[in-house]
Amino acid sequence: MTIDYGQLYLAGTWTDPAGSDRITAISPTTEETIGSVPRGTEADIDAAVASARTAFDAPDGWARWHPKRRAEALERFAVELESRAAETARRVTIQNGMPIWLAQQFEAGFPALLVRYYSGLMADAPEFETRPGMLGGSALVEKLPIGVVGAIVPWNVPQAITFLKLAPALAAGCTVVLKPAEETVLDAFLMAEAAAAAGLPAGVLNVVPGGRDLGAYLVSHPGLDKVSFTGSTAAGKAISRTCADLLRPVTLELGGKSAAILLDDVDLVASLESFFASTLLNNGQICWLSTRILAPRARYGEIVDTITDLAKSLTIGDPTDPDTKIGPLVSAQQRARVEGYIAKGKAEGARLTTGGGRPDGIDHGWFVEPTIFADLDNNATVAREEIFGPVLSVIPYSDETEAVSIANDSIYGLGGSVWSADADRATAVARKVQSGTVGVNHYVNEPTAPFGGIKQSGFGRELGPEALSSFQVIRTVYLPPAQ
Ligand code: NAD
């Protein structure tokens, strides 16, 4: 049975779409149709932005509610999200191929956790701060919601990424128009059902699915005050240009080509589970994965063997099976892109130690075997460009200084990791890596700590209190000297 929706969640209610086109969700595992939703149009975006604008501007509306009152409404939202958590995970898995155990962690758990974290931060924050001045008076400094937010998200971790934006934006008092990616619409509509059931006020959250053109239309919409985008660097640049012309604040979470630095004392075999989670998670389709593995020359052969054995040991198959470690890529197009990179790696002379093709015995679905390249340097195309698939390059280095310099020799700066038997030593090296985030002997996005990139990985931060600030503006009221 397919999952089909006839209406869009706009202005707090299920509404007929302006157009008649539909987005069809295809299983990357079976290649069969699994559902469909109305395709949003510019008219739907206009209606969504108008409703978010009205909700934001209302004198007694969401933006002006006391944060504790918003927290109560958001708690109802969190409860409704939790009651749909298992189905959220399932829908993500059947749409994008994320292994179900991972969807149960990331996609089922993160949304409610983030909603509670940010509404708690807001509820506990003082309403304003009064600062004694140097010129006789004082200043009242307050943080206000920035306004109507356009949020655009990719398909790879769709619900967690959605809530990196929604949770702080809504807690801060903003209203949101969300444009999910075409590949993952069914989870977005389930999330909208949770919002409707929680009784979020009309216009606070609107969901309009569509492709790149609809996203571009939303970004340039005159009714918006802020754009928050996660996706490719190419799209981020286009969005940044539009926002520059409009002087519109924008947060950009973009691509990456992060490095795992294995120090010469590393016990990789003891860390394999964390190493897998930092390099090949979600079939290689996560922006922060360490996909360049920097190995000390003295231990190069042994490390290549260990990583090759790891890749060979991973169970490939139906992502709804809890034992599956590697599911299919999200689309035929994505598989073609990854296969193109594998061909390029071989053509440039890198040695394929395992993988490189489609798994035997699976005759449908967009699968690619976990693939390891060795005997290449950091100038190889597969070491420089983001592949977004289960492909790792193991690059040798001579000493720590060279390892850091290879790690930093990238146009990107989003993630990374350092691995050693001595966590202090690894931490010292981690602090030399030019990147927004680096993990020591593991990599986990800690909700209380800021996450984001430098260089062509974007700017602005999500998670932590920093994310809340990105949805706020500051007003200063100069108070007169006391009489
Ligand atoms: P993409 O940029 O093609 O699409 C992402 C989203 O943006 C989709 O909703 C798409 O419809 C929309 N979009 C595309 N072009 C647009 C434009 N010009 N204007 C407005 N909206 C536009 O990316 P993708 O291929 O779907 O996702 C994979 C990319 O996302 C990878 O590069 C990955 O590294 C990146 N990513 C980054 C992070 C992060 O936090 N830094 C997280 C996940 C994914």
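Student: What separates the centres of domain 1 and domain 2 in this model?

Tutor: Domain bounds come from an automatic or database domain assignment. Here the two centres, taken over C-alpha atoms, are 31 Å apart. Domain 1 covers 3-254 + 458-477, and domain 2 covers 258-447. Mind that this is a predicted model, where local features need pLDDT of at least 70, side-chain atom pairs count only at pLDDT 80 or more, and totals for chains, interfaces and linings use all residues. Residues are numbered from 1 along each chain as its sequence is written, and side-chain values use heavy atoms, with hydrogens and water left out.

Student: How many residues of domain 1 are in contact with domain 2?

Tutor: Contact means heavy atoms within 4.5 Å. By that rule, 32 residues of domain 1 meet 31 residues of domain 2.

Student: And what area is buried between domain 1 and domain 2?

Tutor: Buried area is the accessible area (1.4 Å probe) that two parts lose on being put together, summed over both. In this case the figure is about 2,300 Å², with 66% of it from carbon and sulfur atoms. T29, W101 and W155 supply 23% of what domain 1 buries against domain 2, more than any other three residues.
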